[in-house]
Structures are given as C-alpha cells and as structure tokens.
Amino acid sequence: MKATKPIYIIGHRNPDTDSVCAAIGYAHLKKALGENVVSARAGKINAETKFVLEHFNVPSPMLLTDLYPRVKDIALNCRTVVKATDSLRKLGALMREYSLKSVPVVDETQKIVGIVTVSDLAKRYFTELNMQNLAESGITFRSIIDVVDGDVIISGDAGQMVKGNVRIAAGSLKTIQKIIKAHDIVLIGDRSDDTILECVKQGIAGLIVTGNGRVAADAIEEAEKRHMFIISSPYDTYTCARLINQCVPVSKIMQKDVTTFKPMDMLSDIKGLMESTNYRNYPVVENDCLLGVVSRDQLMLPERERVILVDHNERGQAIEGIEEAQVIEIIDHHRLGNIQTSEPIFTRQEPVGSTSTIIANMHWHRNIEMPKEIAGVLVSAILSDTVLFKSPTCTPYDRQTAEKLAAIAGIDIQEYGMAMLKAGSGIGDMTPMEIAKNDLKEFQIGQFRMIVSQLSVMDTDAVMAMKTDLLSSMDLICKKEGYDMSLVMITDIIKEGTYLLFAGDPKTLIGEAFKKNASDSVLYLPGVMSRKKQIIPPLSEAVKRYKA
C-alpha cells in the first residue's frame with residue numbers, strides 16, 4: 001500500500017516573496033494543527049525572496065513544475081519478487097499465494113532483469129512434451145532433492161550441477177539399459193532389486209526411488225562405491241517427474257525485454273505504450289532498480305494531488321496541471337478568478353495588501369505559537385507586497401500585523417525592509433526576456449488574454465535603457481505563447497511611480513484605461529505601484545467600453 005500523500009501548499013507561477021512565504025507560513029500552521037502538508041513553489045526563487053530565506057535561515061519550499069498525474073501517483077510497492085535462479089515451483093507458489101498474474105525478476109542488487117507472467121508458465125506447460133534437459137538449465141542436485149521432498153539414502157555433493165537428463169525406468173530391463181546414459185538421473189518405482197541394481201551400474205548420477213520404494217542393500221553398496229545419490233520420495237513417478245521439471249530456473253522462461261516506467265513519467269505519456277503492449281503490470285524503476293509496479297487497471301482512476309492555493313485563485317496563474325488536481329483550500333487577497341472546484345472548499349480572501357497578513361492572523365486566531373523564523377518570512381512578505389507600506393493596497397491591518405510580526409522576528413521594519421527591497425531591486429545580469437517574465441501573472445481581461453509582469457527597482461534608468469530590446473522580447477512572448485498583450489511594470493520604489501511598457505494589441509485599450517497617449521508603447525504612471533489595485537482594475541473597466 002502507498003503512504004498517504006501530502007497536501008501541497010503552493011503559490012502562483014513566477015513566485016514573488018508573498019507567494020513563497022505565504023506557502024511556508026501556512027504550512028507551519030497546518031502542521032501545527034496535525035495535517036500532512038508540504039510547502040511548495042511553482043517556479044524559480046527571485047533575488048528578494050532568496051535574501052529573505054537566507055536571512056531567517058528558512059529552507060526554500062520544494063519545486064513543483066506541474067501537477068499532472070505521474071506513475072509515482074499510482075505505483076504500488078512491490079514486495080513479491082523472484083530471482084532469475086529461483087525455481088518455477090517457487091514462482092508458482094508465490095503466484096498462488098498472492099494471486100499474482102506477473103512477478104518482476106531481480107538480481108542481488110534489486111536491479112530488474114526480467115518479468116515472468118502466468119502466460120509464460122502456461123506456454124511452458126503446453127509445449128512441454130517430455131522431460132527437460134536439466135544439463136542446459138543449470139540446476140543442482142540440491143534443487144531436485146528439495147523439489148521432490150526427498151529423504152537422502154546416500155548423499156553426494158548436493159551443490160554439484162546436473163550434467164545429464166532425467167529418465168524414467170519403465171519397460172523391460174533391456175529397454176532401460178538402452179535409454180539410460182551416464183550422468184542421468186533416474187526415476188524408478190516399485191521395481192525388482194535386479195532392475196534397481198542395473199540402473200546403478202549404468203554410471204548414472206543419481207537415483208530417485210518414488211513412492212517411498214525399497215532399495216536393496218547390494219544396490220546401496222554399489223551406489224556408495226560410485227559416489228552417487230539415492231533419494232527416496234513419497235510422490236509417485238509421474239508427480240516426481242512433474243516436480244523435477246519445476247526445478248528449472250525462472251531465467252529459462254522470463255521475458256528479458258521488459259517494458260518499464262520511471263516514477264516521474266506522466267500517465268498521459270504511458271497510456272499509448274500500455275495500449276500497444278497490453279501487459280497487466282509494468283515495473284517502475286529508477287536507475288534500473290525496482291521501486292514498485294503499476295497496473296493498467298490503476299491507470300483509469302489515479303489518485304489526484306491535493307493542493308491549497310495561496311496568493312492566487314486564477315487558473316492562468318496556477319501551476320501547470322491544476323485542472324488535474326483537487327483544490328481543497330484557497331487563501332488569497334486578490335480579485336476572484338476562474339478556478340472551479342467540484343465540491344465546496346474552505347476559502348479565505350480579504351482585501352489586504354498581502355496574503356501573509358491573513359496567514360499570520362490565522363495563527364493568532366487559532367492560538368498557534370509562531371517561531372521567530374516564521375514571523376520573519378511573513379513580515380517580509382507583507383513589506384514586499386506593500387512596498388514598505390507605500391503601495392495603495394496597504395491597509396492599517398497590514399501595518400499592525402507587520403509590526404507585531406517584526407517584534408517576534410526581532411527586526412527593525414524600516415532598516416530590514418529597505419535592505420530586503422534593495423536586494424531584490426537590482427537587475428544584475430538579467431536579460432530583457434527575464435525582465436519581461438519577472439513576477440509574471442496572467443489575466444483574462446474581457447476577451448483579451450494578457451500577462452502583466454513587474455520589476456521593482458531603486459533606479460529605473462538601467463532598465464529603461466533596455467526599452468527597445470525589452471519590447472522586442474514582449475512581442476516575442478505574445479507571438480510564441482498566444483497572448484494578446486504583454487505588460488511590464490518597471491516600478492521605482494524611491495520615486496513611487498511606474499513605467500508601464502506594453503506590447504501586442506489593442507494598444508488603444510491602454511490609452512483608454514489610463515487616459516494617456518499610448519502610441520509610444522510606454523507610459524509613465526506617477527503614484528502607481530500596485531498591479532492588483534492600479535493596473536488590473538482600470539483595464540477591466542476600459543475593456544467594457546472598448547469597441548474593436
């Protein structure tokens with residue numbers, strides 16, 4: 001059985017500080033309440049967030065690239081395996097005991113070397129016209145002794161390899177002398193002492209007396225001289241013959257060309273291969289080592305990932321594959337988006353400057369103690385989203401919460417806040433394309449599919465010097481990814497204003513929204529710092545008035 005899967009708490013694509021820190025903070029709250037959760041992120045950590053996590057010595061949430069169902073989501077632990085040297089009798093016993101249709105074959109290091117199925121056993125049964133040539137099968141006398149449940153009357157070297165065939169001493173003495181060769185193993189039932197003695201004198205390797213038959217003293221004496229086996233089995237000759245055929249190792253019938261999957265293979269990618277091969281079970285391997293098995297029956301109803309969304313609630317901003325997951329909660333501070341759920345869920349959305357404001361107060365409402373590092377990341381997220389309380393999205397509730405968190409974290413808000421914003425404000429070696437996608441969020445504005453990115457800096461000159469290349473990159477994004485428009489906010493933290501660059505169509509929508517001439521693909525918007533409150537609402541109103 002698989003272990004219970006965790007619930008992932010995750011922010012939007014192209015995560016900012018609030019998205020990452022909210023996931024960390026809410027995961028702390030949920031764990032304190034006894035829930036199995038993991039904080040996650042849907043993209044690369046930016047410079048500002050990196051500063052925050054390093055300052056408070058908090059590990060980065062795990063990276064999830066998508067939520068599409070994968071083999072690991074339906075694979076079962078494989079506790080029943082056989083080795084290539086195991087006998088078919090052992091294989092059959094395992095299949096009966098556990099009602100198995102197939103069993104993986106592994107070596108001593110658990111590396112997959114083959115698979116054997118009921119069909120493979122059936123094929124052997126129907127093609128088995130006579131006793132198998134055991135010399136070609138690589139089995140030992142010990143294997144034969146074990147399989148016939150024999151009592152050893154005269155012992156030899158149990159580890160010795162069988163070099164001949166298995167013969168049945170039937171018919172006249174003359175016939176027996178004709179068919180028996182040196183090194184053979186002979187099955188004999190209740191026959192005369194002379195017949196048994198004559199078999200021994202043929203130079204055989206071993207004699208199996210079936211049905212607990214009697215062996216005369218002179219035959220035993222002759223066998224001892226020749227250092228051969230004599231074994232007494234309780235089974236009749238027919239049964240012994242069938243059992244000896246089951247001594248054959250699994251390697252003789254297993255399929256060596258095995259169709260395997262890796263844990264991270266997407267289910268959508270393996271369906272076609274399953275249909276073309278039509279096996280019941282497939283081994284799941286990593287570095288050739290067996291991890292489990294996946295059944296074609298399980299493919300129909302994979303267990304969905306359970307997720308809690310923080311700092312967003314729009315499908316276009318969510319991690320890839322969100323439609324394949326089960327959203328069980330949403331904690332956010334943005335407008336209501338278009339994510340739909342199949343059943344009622346817990347949501348908490350408040351018109352505040354940061355999702356982390358909500359999460360901090362949820363801790364206090366539930367009397368959950370907050371350690372210094374959690375308070376530190378949450379206050380950082382509030383300072384980031386409100387741009388040190390300068391953003392119009394900032395509320396008195398945000399400021400009060402931040403001050404309370406700062407006291408727990410042991411920081412000076414102004415000093416720490418400026419250091420944090422400075423850490424994230426430089427462009428360093430960022431390319432125009434990276435700037436165009438920085439803190440990117442997707443929106444459906446009326447009939448237009450848009451993306452709005454934002455970069456906050458202390459000085460806009462270095463970025464605006466890249467204007468031409470930046471606009472070219474934005475045009476390329478629209479063409480390649482099918483957006484109607486790409487907008488980039490270059491926000492000046494010190495002067496509290498934004499250069500808004502835009503590419504795509506319709507540019508007249510930008511002019512209508514901000515009541516400015518939009519012919520130059522760039523506008524300066526004094527006092528504008530918030531995408532959520534100062535860019536999206538005017539665009540949403542303007543599209544209602546827009547006429548193509």
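Predicted model: local features only at pLDDT ≥ 70, side-chain atom pairs only at ≥ 80, totals over all residues.
T460 is in the loop that runs between β18 (448-457) and α16 (461-464). And which residues does T460 touch, once we set aside neighbours within four places in sequence? Those contacts are I490, D492 and Y499.

Now over to a sheet. This one is open, has five strands with mixed pairing, and reads β7-β11-β10-β9-β8 in order. β7 (151-154) and β8 (166-168) are the edge strands; each has a single partner, so one side of each has no neighbour in the sheet. From one strand to the next, the twist averages 25°.

If you look at β7, you'll see that its pairing with β11 (residues 229-232) is antiparallel, with three bridges. Within that pair, V152 sits opposite I231 of β11. Helix α8 (residues 217-225) lies across β7 and β11, at about 80° to β7. Then there is helix α9 (residues 237-245), which packs on the sheet and touches β8, β9 (185-188) and β10 (206-209). The direction of α9 makes about 150° with that of β9.

At least two lining residues come from each of α5 (141-147), β10 and β11. By class, that lining has eight nonpolar residues, one polar and no charged.

The largest pocket holds about 1300 Å³ of space. It is lined by 50 residues, and N14, P15, N46, N438 and D439 are the closest to its centre. What classes make up the lining of the largest pocket? There are 16 nonpolar, 19 polar and 15 charged residues.

Last stop: the second largest pocket, at about 390 Å³. Of its 19 lining residues, N77, C78, R79, L100 and V293 lie nearest the centre. β5 (102-106), β12 (281-286) and β13 (289-295) each give two or more residues, and β12 has the largest share with three. Here the classes come to 10 nonpolar, seven polar and two charged.

Note on methods:
Residues numbered from 1 in each chain as written. Heavy atoms only, no water. Pairing = 2+ DSSP bridges. Helix = DSSP H or I, 4+ residues; strand = E, 2+ residues; numbered from the N terminus. Axes fitted to C-alpha atoms, helices over the stretch in contact; angles between N-to-C directions. Contact = heavy atoms within 4.5 Å. Nonpolar A, V, L, I, M, F, W, Y, C, P; charged D, E, K, R; others polar. 1 Å grid on protein atoms, 1.4 Å probe; cavity = no way out; pocket = protein on both sides within 12 Å on 5 of 7 lines; lining within 4 Å. Points joined across faces, edges and corners; volume = space filled by probe spheres on them.
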